[in-house]
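Student: I am new to this structure and would like to learn how to read it. Could you walk me through a few of its features?

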Amino acid sequence: MQFSLVSPRAQTRAPFCLGFAFKRGDIPAGSSVAGSVGALQVTPRTTWPDGSLRFAQLAGLADVSANTPLTVRLRRADAAAAGSALGVADLKKTGVTAEVAASGLGTASFGNTEWDAPFQTWITGPQMSSWVYRKPLGSDAHLVAWLEVRLFANGAVEVLPWVENGYLMVADPTNKSATYSFKLSSSERFSAAIDLPHHCRTPLISGPALSYWLGEDPAITPRHDVAYLQATEQVPTYSARVDSTSSAAKRLVETYTPLDKANFMYQGDSMTGGGYQESIGLLPEHDVLYLTCDTPAAYGAVVRTGFAAGRYSIHYRDEKTQRPLRFSQYPNLVLPNGSPVRDVGGSTRNQYTPKGTGKIPPIWDAAHAPSVGYMAYLLTGRWYFMEQVQFAATLDYLGKGDNNVLRVGSKGLVRPCFGAWQTRACAWQWRTLAQALAVTPDSDTALRNEFVDCVHHNADDLHGTYVAQPNNPFGWIQPGEGYTNNMQFGAPWQQDFVTAAFGYSLGLGLPISAAAAAKLEAFFHWKARSAVMRLGTSSGFWYVNGAPYTMSITNAGVPDFAGGKGPWLADDAAVYAATYASKPSWFGTAEGKLAAEILPGDRAHWANLMTAMAYAVRYGVKGAGAAYQRVTSASNYAALRDAYNVAPVWSVVPARALPAWLADKPLNTWFEIPGTSGAGGSAVDAYSGMAIEERTSEILIAAAGGHNDSYDNRVVSINLSSDTPAWQQRMAPSVTVATNVAYYADGKPASRHLYSSLHFVPQVNRLMLFGLRAAWGAAHNFGKVDAFNLDTNTWDPPGTFADMPAGYYGSAQVRSTGEIISSQLKKWSPVDRKWTDVVSNPLGDSVRWPIAADARRGQLFCMQWGDGQGFDPQRMMASRVPLGSNQQIAVSFNPSTALTQWLAEKPTYAAMEYDPDHDRFIFYSGIGAAAGQFYVVKPNDGNTWDMSLLTTGTGSVKIAATPDAGIQNRLRYVPALRGFVLLARSSANLYFLRTA
């Protein structure tokens with residue numbers, strides 16, 4: 001748990017505020033959060049079903065250096081009494097005033113006694129308090145000025161002003177054209193001509209600013225730990241790594257213009273257009289880039305495009321409550337025909353919102369609608385963005401007819417309706433509804449209960465229709481679209497949108513009843529069948545043709561979905577035959593090769609399918625693991641995977657996997673993975689480690705052996721996401737070998753002691769050897785760096801990568817950047833492919849191995865006996881290296897039984913890995929009597945840490961002893977499986993410890 005603050009200049013007591021999502025269980029009920037920066041104020045907003053904290057706003061003051069990120073580390077702490085909160089009296093002491101004006105329409109002034117009566121006290125605390133204010137602009141019945149005002153403990157005042165033209169039932173809504181201006185303490189900060197359409201809004205901001213400050217803007221930009229944010233599952237998990245120089249990154253907006261599209265990327269600025277659009281998906285591209293691209297422009301683009309959602313006529317504020325509408329109060333209310341919203345329905349009681357006139361804004365289309373405001377709220381915690389998400393959800397409600405085949409009055413059902421509400425509209429309506437409930441604070445009971453009831457009604461409807469009664473066995477909900485003027489053929493890719501949206505919602509931790517949660521999960525398992533069944537073997541629906549544009553599960557034009565009676569085709573093979581009765585030009589006939597178009601074409605539906613499959617795998621849907629692996633093992637899957645780096649919206653991967661061998665295993669208990677002994681025939685016991693491809697959960701070994709142990713240089717792997725993992729040989733050993741060389745006659749790298757030098761680097765998509773130590777023969781050493789392409793199962797030519805400094809060998813990897821850390825602390829960057837010093841003046845303590853990267857603190861940790869191989873000096877050497885600090889800092893330990901045992905063991909050739917689920921390091925040697933003895937190192941913000949012995953369940957198996965040549969780095973954390981895999985020795989099965 002951490003975030004960073006970046007400032008363009010050095011400042012003391014600089015104010016900051018951000019939103020922060022927490023993983024389930026990290027901050028249990030009754031606990032709070034403390035940080036490594038002064039007094040951190042925490043304002044809880046929502047909790048997980050177990051009562052642990054899910055989302056909060058964090059605020060405080062920090063000393064920052066110019067252009068140097070300040071990393072603030074968070075930790076669980078006992079709940080403490082808060083100090084005296086800043087109040088409106090403190091705000092008034094600053095003398096701040098504000099004025100919003102619209103020429104010819106009116107002025108709204110705020111100051112002195114006006115501050116005494118906020119519309120909403122949003123945040124209250126000793127470090128920062130925030131209030132929301134509103135005033136009509138003159139006598140206009142629709143136009144309202146709004147302010148979100150923040151006061152910090154150092155007296156800094158931040159203001160976000162906006163104007164809104166959107167009441168629910170006030171007569172004669174129309175555009176409001178004027179010169180709008182904003183003054184802060186008599187200083188004009190904004191003035192521009194704006195023609196504001198009905199039911200739109202806009203912040204009164206232009207240029208690079210994101211808000212206004214009384215005095216100088218501190219220009220503090222937060223940066224979240226995006227790996228942790230994805231691990232919360234409040235956002236999907238993305239595999240893409242987008243280069244900061246890519247076209248996608250370069251088009252991120254760095255300024256805001258009222259009512260401009262910002263990064264809403266629709267062809268011709270039309271949401272109704274067909275084909276691939278960057279804004280369509282669980283999250284739009286600009287939000288996804290914050291998670292997948294290391295560019296400073298990403299944060300501002302998320303915020304500015306959150307502002308830009310105001311250009312759409314989706315803001316229907318109930319004038320009775322001054323909040324987004326409550327469904328129960330308007331069971332029959334619908335938008336009128338002619339609204340700038342596509343596919344509006346009808347009202348059974350002729351109850352419509354007043355029809356708008358004047359300037360027509362861009363059309364909102366539920367079938368192509370983006371997520372709006374959600375990511376911006378997660379990053380900023382602003383009231384403005386929370387309401388933006390709620391407005392989008394209530395707009396979907398108003399746009400849909402109230403009859404019993406559409407939303408069913410106030411129930412707000414999302415189900416499709418043939419010819420009236422498309423399948424994809426159902427998907428994005430559900431996503432938006434789930435996000436609205438997710439962002440609504442627990443304390444906002446009125447709106448929260450409305451969204452909860454709506455989710456409950458949908459759970460009852462979908463479960464009752466598709467699970468509680470017999471229905472089609474293919475996971476198809478009734479489609480809303482038809483390609484033959486009936487429902488015989490539908491769009492499987494739209495079904496995939498629905499599967500993905502419901503899978504995504506399962507991870508949000510929505511505050512719904514246990515019964516409703518169980519129904520939604522059961523419905524999802526049924527629904528995911530529509531994706532899984534298309535990735536079968538050639539005897540059913542052959543996976544190579546798993547991404548058609550249309551598909552048929554029935555021979556009837558109007559099958560009975562509501563009653564479940566169909567008629568339905570007999571099985572997957574019959575569906576396949578009906579779907580491909582007329583074969584398209586791209587129809588595939590080769591096993592192992594995916595047919596049809598790859599991203600980002602209009603008919604490129606593999607990505608939609610794989611996003612749905614990511615959630616099928618995540619929640620252990622029957623057959624999902626095997627189906628997913630069929631695709632990822634295809635010979636041309638690399639083309640799809642690489643395309644994700646251009647179109648990252650669809651690079652969703654399982655946040656975690658639950659293969660059959662893991663499904664019923666308890667936490668904190670070592671067990672064997674059946675059928676995994678042998679290490680693929682590699683000589684891994686010869687001082688050799690292994691690598692992991694985290695995107696696929698594959699263990700990899702290449703050219704292990706060397707010296708007098710083995711000349712064999714084979715490359716092998718095992719995929720742990722498979723239900724039945726088995727070693728496979730990716731490249732056979734060389735036939736002709738030689739001693740004391742870096743390469744054999746065929747150009748392949750010679751066998752060697754790997755130690756910890758083998759790493760998979762996703763940024764270059766290569767399995768890489770960093771340095772050659774103890775080559776086959778007389779143990780000669782070479783500084784060679786070699787790379788193996790897993791897509792082609794071939795080695796890159798020698799010399800593709802420059803040699804590393806002589807005498808250094810790869811030892812560890814920084815997951816987030818792909819950087820390789822060598823023995824004696826040099827660093828290789830996959831960006832410029834150069835070696836630099838991590839520390840220019842290291843301590844006298846040697847650093848060889850093991851080294852592990854602590855992602856939460858942004859530092860390396862090394863702990864070894866002597867030189868790591870048992871040689872002098874005969875003592876513990878432990879140190880930490882904060883990345884970017886140019887410091888190596890000695891670490892000592894508090895006395896403990898574990899420390900005494902570690903010192904007596906004098907472990908050599910050991911492994912150590914960081915456990916992100918529990919913020920700890922696991923250390924293991926396992927030689928001789930030390931077999932099965934694992935050490936836990938608990939870091940803190942100081943330099944004296946704690947060591948303990950790992951406690952495991954009573955059912956843990958006995959672990960085979962490590963050979964005298966050591967374990968090296970054969971203890972690896974597998975993110976998708978939430979646990980550790982151990983290769984103790986080649987003759988034993990792999991062992992696994994499930995930790996979360």
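Tutor: Gladly! Let's begin in the loop between strand S5 (53-64) and S6, where Asn67 lies. Keep in mind as we go that this is a predicted model.

Student: What is the phi of Asn67?

Tutor: Asn67 is not a glycine, yet its phi is positive, at about 55°.

Student: Which residues lie nearest the centre of the second largest pocket?

Tutor: Those are Lys23, Arg24, Gly25, Asp26 and Asp917, out of a lining of 32 residues. Strand S6 (residues 70-78) gives the most to this lining, with four residues.

Student: How do the residues of that lining divide into nonpolar, polar and charged?

Tutor: The lining of the second largest pocket has 17 charged residues, along with nine nonpolar and six polar ones.

Student: Now the helices, please. How do I describe two that pack together?

Tutor: Two packed helices are described by the angle between their axes and the distance between the axes. Take helix H4 (residues 285-292) and helix H5 (residues 297-308): their axes come within 9 Å and cross at roughly 155°. Angles over 145 degrees count as roughly antiparallel, so H4 is roughly antiparallel to H5. Their crossing is left-handed.

Student: Which residues make the contact between H4 and H5?

Tutor: From H4 come His286, Asp287, Leu289 and Tyr290, and from H5 come Ala298, Tyr299, Ala301, Val302 and Thr305. By class, six residues of this contact are nonpolar, two are polar and one is charged.

Student: At what angle do H5 and helix H7 pack?

Tutor: H5 and helix H7 (residues 383-399) pack at about 55°, with their axes 10 Å apart. That angle makes H5 oblique to H7. H5 passes H7 in a left-handed crossing. Here Val303, Gly306 and Phe307 in H5 meet Tyr384, Phe385 and Gln388 in H7. The contact has four nonpolar and two polar residues, and no charged ones.

Student: And how do helix H8 and helix H10 run, roughly parallel or roughly antiparallel?

Tutor: Start with the angle: the axes of helix H8 (residues 423-439) and helix H10 (residues 492-506) cross at roughly 15° and come within 7 Å. Angles under 35 degrees count as roughly parallel, which means H8 is roughly parallel to H10. The crossing of H8 past H10 is left-handed. Among the residues in contact are Trp428 and Trp430 of H8, and Phe497 and Phe502 of H10. By class, the contact has 11 nonpolar, five polar and two charged residues.

Methods
Residues numbered from 1 in each chain as written. Predicted model: local features only at pLDDT ≥ 70, side-chain atom pairs only at ≥ 80, totals over all residues. Heavy atoms only, no water. Axes fitted to C-alpha atoms, helices over the stretch in contact; angles between N-to-C directions. Helix = DSSP H or I, 4+ residues; strand = E, 2+ residues; numbered from the N terminus. Parallel < 35°, antiparallel > 145°, perpendicular 65-115°, else oblique. Left-handed = near helix turned anticlockwise from the far one by under 90°. Contact = heavy atoms within 4.5 Å. Nonpolar A, V, L, I, M, F, W, Y, C, P; charged D, E, K, R; others polar. 1 Å grid on protein atoms, 1.4 Å probe; cavity = no way out; pocket = protein on both sides within 12 Å on 5 of 7 lines; lining within 4 Å.
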